[in-house]
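Student: Hi! Could you walk me through this one?
Tutor: Happy to, here it is.

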Amino acid sequence: MAHFDVVPVDESDDWTHPPFAGVVADGFVFGRGALDDKGPLLVVPEAVENLLAAGFAPAREVYLSFGGNEETFGDAAEAIAQALRQRGIVPWMVIDEGGAVVDAPLPFVRGAAAMVGVGEKGIATLQLSARGDGGHASAPPTRTAVGRIARAVDRLGPTTFRPRTPAGISRMLRLFSARANRPAGLLLRALAAMPPVTARLFARLGGAPAALVRTTIAATMQSGGTAANVLPSQATATLNLRIALGESVASATRRVTRRIGDRGVRVELLEGSEPSAESRTDNAQFALIARSVGTSHPEAATVPYVMMAATDSRYFHRFCPAVYRFAPLAMSAELRATIHGVDERVSVSELERGERFHRALLMGL
Ligand SMILES: CCCCCCCC/C=C\CCCCCCCC(=O)N[C@@H](Cc1ccccc1)C(=O)O
């Protein structure tokens, strides 16, 4: 799977090469979508065409699913998944974006790792709204609409949701423990054996580690008011929740509503998508991915993790138990920072390695 739509470019950004010209320079193809997700997309048909040209026929049926509205949370992949379901097809394995070959993924962990998303968090977009008495701002009541919304958002701190370590993260720590120096290795092994301790530690670290183990809430939009001296009669805030594996859109919405604890604040679910289950790592599918990584990126260990953002594969994990999120391209931290940003680019040699990965995968089916 892959998608060919891209996020827009801010015209005021200073790109080294124009974002829609496909300039090849210094061994890289520059352009919006180079990593997300046109590079990972094009290595798939490249591998298929090369195998077809060589007269190869795969042992299983292969379906290519390329969507055109992933970046807007669209339904192209849903339609593709539905078409397969209607034909009674349950894929043996699904592979989509959401992982990459990265260097030194955790502090003290040496070497490259092919990070494969074995699960994916869910999403809920909630709108909070409050009404208040409009009027002159010179004599405000104790509780205004904006004040109610501000208090509600403030109540939704990081402890709103309990942390829990997915099995894939414990396995990731166990694999990393072998590649860390001695004291760090012992710590990682201990954490791998004690998921509740990992959950508490990662939650305390905040940022990405915390997002791996708990449902997060980000207030992303606010509105209300028409003039500086007018009390608004209504105010709203939009919350973007990323729902941890094991929870649900409904349970997360209930918890948010309880936490806010204010009947004057209406909580409305605008859209939601359930978190995935975890795909196994002790099966033939994961072993095939690891073998294919061995062909394209022999320096990298194949390691499971949990994807914090949403991918098109969310429409497949509902009926297919083996869904993996992995683009077979090395992406340094610097390159990952260009995704949705400035100077997004993909190295030509990585495209070649990506093609090799998919060729190995198809030949190993
Ligand atoms: C120890 C941890 C190591 C971490 C290694 C990370 C390796 C992964 C590297 C790169 C992966 C990049 C994948 C980028 C995919 C982004 C998908 C995305 O942004 N999806 C959107 C979907 C969406 C949702 C709601 C509205 C619009 C779009 C998202 O989730 O926001």
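**Domains, helices and a sheet**

Student: How is the protein divided into domains?
Tutor: The assignment gives domain 1 (2-120 + 277-363), domain 2 (122-161 + 215-273) and domain 3 (167-212); such bounds come from an automatic or database domain assignment. Residues are numbered from 1 along each chain as its sequence is written. This is a predicted model, where local features need pLDDT of at least 70, side-chain atom pairs count only at pLDDT 80 or more, and totals for chains, interfaces and linings use all residues.

Student: What separates the centres of domain 1 and domain 2?
Tutor: Taken over C-alpha atoms, the centres of domain 1 and domain 2 are 35 Å apart.

Student: And how many residues are in contact there?
Tutor: Six residues of domain 1 are in contact with four of domain 2, where contact means C-beta atoms, placed from the backbone, within 7 Å. On the domain 1 side, three are nonpolar, one is polar and two are charged. Here Ala, Val, Leu, Ile, Met, Phe, Trp, Tyr, Cys and Pro count as nonpolar, Asp, Glu, Lys and Arg as charged, and the others, Gly among them, as polar.

Student: Switching to helices, at what angle do α1 and α11 cross?
Tutor: The axes of α1 (residues 34-53) and α11 (residues 348-363) cross at roughly 55 degrees and come within 8 Å. Axes are lines fitted to C-alpha atoms, for helices over the stretch in contact, and angles run from 0 to 180 degrees between N-to-C directions. Helices (H or I, at least four residues) and strands (E, at least two) are DSSP runs, numbered from the N terminus.

Student: Are they parallel or oblique?
Tutor: α1 and α11 are therefore oblique to each other; under 35 degrees counts as roughly parallel, over 145 as roughly antiparallel, 65 to 115 as roughly perpendicular, and the rest as oblique.

Student: Which residues meet?
Tutor: Among them, Gly-39, Pro-40 and Val-43 in α1, and Leu-351, Gly-354 and Glu-355 in α11. The contact of α1 with α11 has seven nonpolar, four polar and three charged residues.

Student: Now the sheet: what is the strand order?
Tutor: An open sheet of four strands runs β10-β12-β8-β13 with antiparallel pairing; strands pair if DSSP finds at least two bridges between them. β10 (216-224) and β13 (265-273) are the edge strands.

Student: How many bridges join β8 and β12?
Tutor: Ten, between β8 (residues 122-131) and β12 (residues 234-243). Ser-129, for instance, has Thr-236 as its bridge partner in β12.

Student: Which strands does α3 lie across?
Tutor: Helix α3 (residues 145-155) lies across β8, β10, β12 and β13, at about 15 degrees to β12.

Note on methods: Two residues are in contact if their C-beta atoms, placed from the backbone, lie within 7 Å.
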